[in-house]
Amino acid sequence: MDLVALKTFCRTVEEGNLTAAAKALHITKSVASRRIQNLEDELSSKLLLRSTRGVSATDAGAMLYERAVA
């Protein structure tokens with residue numbers, strides 16, 4: 001598992017917004033999105049629910065986030 005991608009995922013969950021997370025990490029939104037997509041592909045699970053109002057963690061995403069910050 002790529003730790004940089006995991007950090008990107010955690011920051012996105014904390015911010016609740018992919019654009020804000022990317023800005024905080026000094027990367028583009030497309031790079032952040034690609035990193036999270038790679039994590040989802042690796043884990044064969046959807047980690048974030050994306051909407052026009054931002055993002056929120058799925059059940060699998062919440063479990064990953066809890067383990068990552070512990």
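I am working with a predicted model, where local features need pLDDT of at least 70, side-chain atom pairs count only at pLDDT 80 or more, and totals for chains, interfaces and linings use all residues. Residues are numbered from 1 along each chain as its sequence is written, and side-chain values use heavy atoms, with hydrogens and water left out.

**Helix pair.** I looked up H1 (residues 3-15) and H2 (residues 18-25), whose axes come within 8 Å and cross at roughly 125°. Helices here are DSSP runs of H or I with at least four residues, and strands are E runs of at least two, numbered from the N terminus. Axes are lines fitted to C-alpha atoms, for helices over the stretch in contact, and angles run from 0 to 180 degrees between N-to-C directions. H1 and H2 are therefore oblique to each other; that word covers angles left over after under 35 degrees (roughly parallel), over 145 (roughly antiparallel) and 65 to 115 (roughly perpendicular).

**Core.** Which residues touch the most other members of the largest nonpolar core? I found Phe9 and Leu39, out of 14 residues. Such a core joins buried Ala, Val, Leu, Ile, Met, Phe, Trp, Tyr and Cys residues through side-chain atoms within 4.5 Å. H1 gives the most to this core, with 4 residues.

**Arg50.** I placed Arg50 in strand S1 (residues 48-51). Arg50 is partly exposed, at 37% relative accessible area (buried is under 20%, exposed over 50%, partly exposed in between, with a 1.4 Å probe and protein chains only). Arg50 and Gly16 are 34 residues apart in sequence, yet their C-alpha atoms are 9.7 Å apart in space.
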